[in-house]
Amino acid sequence: MKSYKPTSPARRHMTVVSTGKVLSGAKPAKKLTKGYKRSVGRNHQGRLTSRHKGGGHKRKTREIDWIFDKHDIPAKIESLEYDPNRSGFIALVVYADGEKRYILAPKNVKVGQDLVVSKDAPIKAGNRTMLSRMPVGTFVYNIEIKPNQGGKLVRSAGNYAEVIAVEGDYVSLKMPSTEVRKVLGRNFATVGEVSNPEHRLRTVGKAGRSRHMGVRPTVRGSAMNAVDHPYGGGEGRAGRGMRRAKSKWGKPTGLGQKTRTPKKYSDRLIINKRKSKRRSK
C-alpha cells in the first residue's frame, strides 16, 4: 500500500494500492477498448433505479474475455494492466494463432507466463479447465454457472472459491461469502485467486476521491424528513424509533435479517447458506 504525506486532513489517512512493481505500464490495446456512457443508476426513462451513483471520471471499457472459447491453444501474457471498471487487474494475452484478448488476471502472475484453456490443462494458476478435474482444496475463480455461458461467479479483487468435494456430476464450492453450493462439474473455472488482494485495504480518504469513482453521497435516513424515510422527522437528534432496520421503501435490511427470495430456483444447489453478519456483542 502507498500512503501520502499529511498535507491536509484528508490526505493524512489516504492510501492507494502500489502498482509500480506489478503492472506493466502499457497503454490499453486500442482494438480491445471503446468508449461508453455509464448508466449512473438510471433506467432508459432517466429515472433513478440505483442510489448513490453518478458523476465520476470518464472511462473506457475493456472487452474482457469471459467465455474463453479458444480451447487447446496456448497463450502468453504480454502485459498486466489497470482497469477502471473492476477491482482486479487485467492481463493482455497473445494466443499462438496471433489473436489478443483481455482476461481477468490471477494473483502473482508474471509477464511472459504461459496459460491454456483445455479439458486436460495442468492445474496451475491461470489455466482454465473443468471443475470436476480440480483436486479438493484448489482455489478457483471466474466460475461458470451454466456450461459455455462464461464466468459469472467470484470475479472481484482478491476473491476465490475453494473446491471442497466432488460428488457425481456436481462439485461443491465454498464461496467467498461462506456459502457452500453445488456447481456442475463440466463447468469451467480458472485456477488461482483474483489479482489485487490489497484492494480492500485502501482508504478513500476524502469525499472528492469518492466522487471521482462515481459514488454519490449517502444520506442517513434519520437526517431526512418523515415523508422521505421511515426514520425521518422528530425534534432534534432522534434514533430510528423502531425495532427492526428498514430501507427507504420499508423493506427489512442489515444485521442478519433475511432478504433472500423464498423458494428461489437455486436453493436446491445450496448446501450451507452464508453466515449472516450479525452485530457482535
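## Model and conventions

The structure is a predicted model, in which local features need pLDDT of at least 70 and side-chain atom pairs count only at pLDDT 80 or more, while totals for chains, interfaces and linings use all residues. Residues are numbered from 1 along each chain as its sequence is written, and side-chain values use heavy atoms, with hydrogens and water left out.

The mean pLDDT of the protein (the predictor's confidence in each residue, from 0 to 100) is 93, and 98% of the residues reach 70 or more. Confidence is lowest in strand β1 (residues 2–3), with a mean of 91, and highest in strand β10 (residues 139–141), with 98.

## Overall make-up

The protein has 17 strands and one helix. These elements are DSSP runs numbered from the N terminus: helices are H or I runs of at least four residues, and strands are E runs of at least two. Along the principal axes, the C-alpha atoms fill a box of roughly 70 × 50 × 45 Å.

Of the 281 residues, 36% count as buried. Here buried means under 20% relative accessible area, exposed means over 50%, and partly exposed lies in between, with a 1.4 Å probe and protein chains only.

Strand β6 (residues 90–95) is mostly covered, with five of its six residues buried. Strand β5 (residues 75–81) runs antiparallel to β6 and is joined to it by six bridges; two strands pair if DSSP finds at least two bridges between them. Within this pairing, Leu-80 has Ala-91 of β6 as its bridge partner.

Strand β6 is also joined to strand β7 (residues 100–104), by five bridges and again in antiparallel fashion. Val-93 stands opposite Arg-101 in β7. The hairpin of β6 and β7 has four residues between the strands, and Gly-98 in this hairpin takes a positive phi near 100 degrees.

## The seven-stranded sheet

An open sheet of seven strands has the order β9-β16-β10-β13-β14-β15-β17, with antiparallel pairing. Its edge strands, β9 (128–130) and β17 (270–272), each pair on one side only. From one strand to the next, the twist averages 45 degrees, where axes are lines fitted to C-alpha atoms (for helices over the stretch in contact) and angles run from 0 to 180 degrees between N-to-C directions.

Arg-128 has Thr-190 in β16 as its bridge partner.

Most residues other than glycine have a negative phi, and most peptide bonds are trans. Phe-68, in the loop between β4 (60–62) and β5, has a positive phi near 55 degrees. Phe-68 is buried because its relative accessible area is 6%. Asn-142 lies in the loop between β10 and β11 (143–144) and also has a positive phi, of about 55 degrees, although it is not a glycine. With a relative accessibility of 1%, Asn-142 counts as buried.

Is Gly-241 buried or exposed? Gly-241 sits in the loop between α1 (207–212) and β17, and its relative accessible area of 77% makes it exposed. The C-alpha atoms of Gly-241 and Ile-270 are separated by 36 Å, the two residues being 29 apart along the chain.

## Pocket and cavity

Both kinds of space are found on a 1 Å grid over the protein atoms alone: a cavity is a set of points where a 1.4 Å probe fits but cannot get out, and a pocket is an open set with protein on both sides within 12 Å along at least five of seven lines; lining residues have an atom within 4 Å of a point. Grid points are joined across faces, edges and corners, and a volume is the space filled by probe spheres set on the points.

The largest pocket has a volume of about 740 Å³. Its lining consists of 20 residues, with Tyr-82, Pro-84, Arg-86, Arg-202 and Met-213 nearest the centre. By class, the lining has seven nonpolar, seven polar and six charged residues (nonpolar: Ala, Val, Leu, Ile, Met, Phe, Trp, Tyr, Cys and Pro; charged: Asp, Glu, Lys and Arg; polar: the others, Gly among them). One cavity of 30 Å³ or more is found in the whole structure, and the largest cavity holds about 40 Å³ of space. Residues lining the largest cavity include Phe-68, Asn-142 and Thr-190, and the lining divides into five nonpolar, three polar and no charged residues.
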